[in-house]
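Here is a short tour of one protein model. Keep the sequence and the 3D view open as you read.

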Amino acid sequence: MSDKNTVETSEAEIAVHWKEEEYYYPSPGFIAQANLTDESVFDRFSLENFPDYYTEFAELLTWYKYWDEVLDTSDAPCWKWFRGGQLNASYNCIDRHLAKNRNKTAIHFVPELEDEPVHHMTYQELYVRVNEFAALLKETAGLKRGDRVTIHMPMSAELPITMLACARLGVIHSVVFGGFSSSACADRVVDSNSRVLITMDAYYRAGKLLNHKAVDDEACELAEKDGQKVDKMLVWQRYPGKMSSDAPLVEGRDVVVNDELKKYYGARVEPEKMLSEEPLFLMYTSGTTGKPKGAQHGTGGYLAYVTAMSKYIQDIHPEDVYWCMADIGWITGHSFIVYGPLALCASTVIYEGVPTYPDAGRSWRIAQDLGVNIFHTAPTAIRALRKVGPDEPAKYDFHFKHMTTVGEPIEPEVWKWYEKEVGKGKAVIVDTYWQTETGGFLCSTVPGLQPMKPGSAGPGVPGIHPIIFDEDGNEIIKGAGKAGNICIQNPWPGCFQTIWGNRQRFVDTYFGMYNKDPNSKDWRDWPYLTGDAAVMSEDGYVRVLGRIDDVINVSGHRLGTKEIESAALTVPEVAEAAVVPVNHEVKGKEPELYVSLKPGYEASPELVQKVADAITFEIGKIAKCRNVWIVPDMPKTRSGKIMRRVLGAISNKGDVGNVMTLANPEIVEEIQKMVG
Ligand code: PRX
């Protein structure tokens with residue numbers, strides 16, 4: 001990790017952090033129906049019983065062949081879960097439900113235009129469509145087990161169909177968030193060596209029909225320049241039978257899926273019997289370098305883990321209508337819109353657009369009209385919904401029994417609004433702390449067993465044993481009131497297997513800090529470093545304070561400061577770039593960018609715009625910076641390192657501390673005047 005890999009959170013900072021220690025208890029009604037109410041789970045899932053307790057999770061799935069070994073540590077720390085077992089994720093999410101539930105809704109797709117009907121797709125329809133599309137992937141696109149495919153699609157029913165068709169064939173999918181730019185998509189196509197890109201012609205977002213295919217035409221061009229030719233682009237139509245994008249079809253490369261599917265009506269494709277440890281998908285995420293890393297998730301371990309988390313922490317029952325508001329392009333969507341809920345035969349909601357368009361009541365109308373009873377969202381959405389319509393939820397007739405918050409710390413007062421107004425005082429809330437890499441939850445309360453504490457995620461979920469280390473690897477005991485690096489002592493099945501194509505980066509980043517013997521095959525020697533600072537209180541509840549590395553959490557989306565800086569450096573006039581997180585009322589954090597220019601160039605509004613445009617082009621609108629400041633020079637240490645801490649203090653109007661040891665202390669005041 002970077003030179004910033006230290007716990008900078010001082011005790012003073014923790015003191016100003018919220019100090020609430022209030023408990024909220026689940027209602028007897030909730031407990032009576034909860035999936036997990038047996039307290040002995042914590043004894044069964046103790047470290048002494050590791051790793052065998054995880055067979056309880058694996059038993060939730062249907063296997064063609066049971067495993068030979070629960071945990072194979074021979075290639076530590078690339079753990080192999082349920083080694084030798086065979087299964088198929090698509091079979092587990094679809095086929096096995098057909099005998100009893102073929103007419104049950106698998107997916108409710110809610111289009112943005114409210115006069116367009118909601119599509120209630122049954123498990124039978126999902127089965128038929130996944131099979132037909134799998135046949136197309138196999139025959140038209142020539143894909144086979146182990147190939148990688150990049151999927152750059154908006155929220156639509158066709159996105160899970162595409163993922164599950166890949167899983168059926170053993171093709172490794174790499175879904176790229178629909179809002180990412182052509183350049184970001186191209187990088188992922190190149191890194192995963194995808195020769196097939198799957199897209200959709202257009203989609204609605206906040207009142208506009210966006211031309212999405214044009215973005216992917218550009219992605220193909222960029223990828224080819226970078227050495228990866230896309231020889232097939234499969235284009236789903238937002239309105240079947242009609243192109244909603246004016247981007248021309250490229251002869252020989254582009255295939256209109258809805259036309260091509262006519263060849264495969266009625267086709268059935270046998271699910272591949274995948275080894276448990278074979279990869280299911282890649283999910284690219286930001287790290288400390290400019291290059292996103294492809295987190296590789298396995299089949300058996302991942303699916304067992306997300307199914308168990310959906311059952312015991314999300315408390316999903318087959319009769320529930322479950323709505324997770326995330327985008328499927330992020331890990332939350334993979335685990336908790338697609339794989340977990342469908343493996344449990346629930347009805348999962350997918351919606352197009354944004355929660356606050358056309359008005360502040362949209363989310364609550366969807367919940368009311370579909371009878372949603374489990375609701376999953378992020379603090380950013382909660383803050384936004386509270387801001388635009390604090391009294392809106394009361395106007396609609398919906399009743400949640402269970403709600404989730406995920407992705408960022410939630411302020412206790414926001415938590416309390418969520419509980420009172422959205423949960424109507426009747427829902428339990430789980431604050432789930434986890435990461436792209438972890439596949440599923442690390443910390444959360446078990447909703448039927450443990451009380452909630454606003455602002456705290458909760459203890460490790462059953463089976464996860466968190467520990468807080470100081471810089472030297474000494475444990476900071478619970479209740480000490482000191483922050484440290486939160487690590488997980490044991491491996492778990494949902495954890496990613498490696499970084500695609502870069503095992504060394506995987507080992508160094510996640511295990512380098514506290515591993516004492518790189519040759520050890522004993523899992524006890526490999527605590528997993530999350531990259532977050534946290535405090536553990538007396539009761540074992542974890543309060544996450546934020547990242548210790550160069551990663552910013554904007555609206556619950558993870559961005560690497562280096563990624564944004566690299567984007568700024570593509571502008572020829574820019575000499576240096578530094579990004580700092582600035583506090584934001586709704587988004588939590590927002591990036592702010594400082595750049596200095598090469599000699600001979602002058603700052604101008606046009607240049608500011610050029611830098612801003614480069615960031616949108618390289619990454620996408622989600623990386624938009626609050627301001628781009630062109631400064632005469634960066635504050636630097638005598639050894640030439642940019643002092644981001646000082647810039648961060650300036651942006652957040654905080655104390656810059658003693659700057660006299662800098663090589664150029666006078667610049668600090670100059671920048672302060674500029675920023676105001
Ligand atoms: O800093 C933590 C924060 O989000 C990071 C992971 O981001 P990502 O990989 O995009 O996954 C987001 C969805 C799980 C973590 O390192 N984070 C996640 N959940 C919480 C959180 N911070 C505080 N509380 C949470 N519940």
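## Helices H15 and H16

H15 and H16 are roughly perpendicular to each other, because angles of 65 to 115 degrees count as such, while those under 35 are roughly parallel, those over 145 roughly antiparallel and the rest oblique. H15 covers residues 379-388 and H16 covers residues 412-422. Their axes come within 10 Å and cross at roughly 70 degrees. Axes are lines fitted to C-alpha atoms, for helices over the stretch in contact, with angles from 0 to 180 degrees between N-to-C directions. Helices (H or I, at least four residues) and strands (E, at least two) are DSSP runs, numbered from the N terminus.

Which residues of H15 and H16 meet? Pro379, Ile382, Arg383 and Arg386 of H15 meet Val414, Trp417 and Tyr418 of H16. Contact here means C-beta atoms, placed from the backbone, within 7 Å. By class, this contact of H15 with H16 has 5 nonpolar, no polar and 2 charged residues. Ala, Val, Leu, Ile, Met, Phe, Trp, Tyr, Cys and Pro count as nonpolar, Asp, Glu, Lys and Arg as charged, and the others, Gly among them, as polar.

## About the model

This is a predicted model: local features need pLDDT of at least 70, side-chain atom pairs count only at pLDDT 80 or more, and totals for chains, interfaces and linings use all residues. Residues are numbered from 1 along each chain as its sequence is written.

## The open sheet

An open sheet is formed by 8 strands, in the order S12-S11-S8-S6-S7-S14-S15-S23, with mixed pairing. The edge strands, S12 (254-256) and S23 (498-499), each pair on one side only. Two strands pair if DSSP finds at least two bridges between them.

Strands S7 (residues 172-175) and S14 (residues 279-285) run parallel, joined by 2 bridges. Ser174 has Leu282 in S14 as its bridge partner.

## Helix H9

H9 (residues 182-191) lies across S6, S7, S8, S14 and S15, and runs at about 170 degrees to S6. H9 also packs against H10 (residues 212-225), at an angle of about 50 degrees and with the axes 8 Å apart. H9 and H10 are therefore oblique to each other. Their contact has 8 nonpolar, 2 polar and 2 charged residues.

## Around the ligand

Of 21 residues around the ligand, Tyr433, Gln435, Thr436, Val544 and Arg558 come nearest. A residue is near if its C-beta atom, placed from the backbone, lies within 6 Å. S24 gives the largest share of this shell, 3 residues. By class, the shell has 7 nonpolar, 9 polar and 5 charged residues.

Terms used. Contact = placed C-beta atoms within 7 Å.
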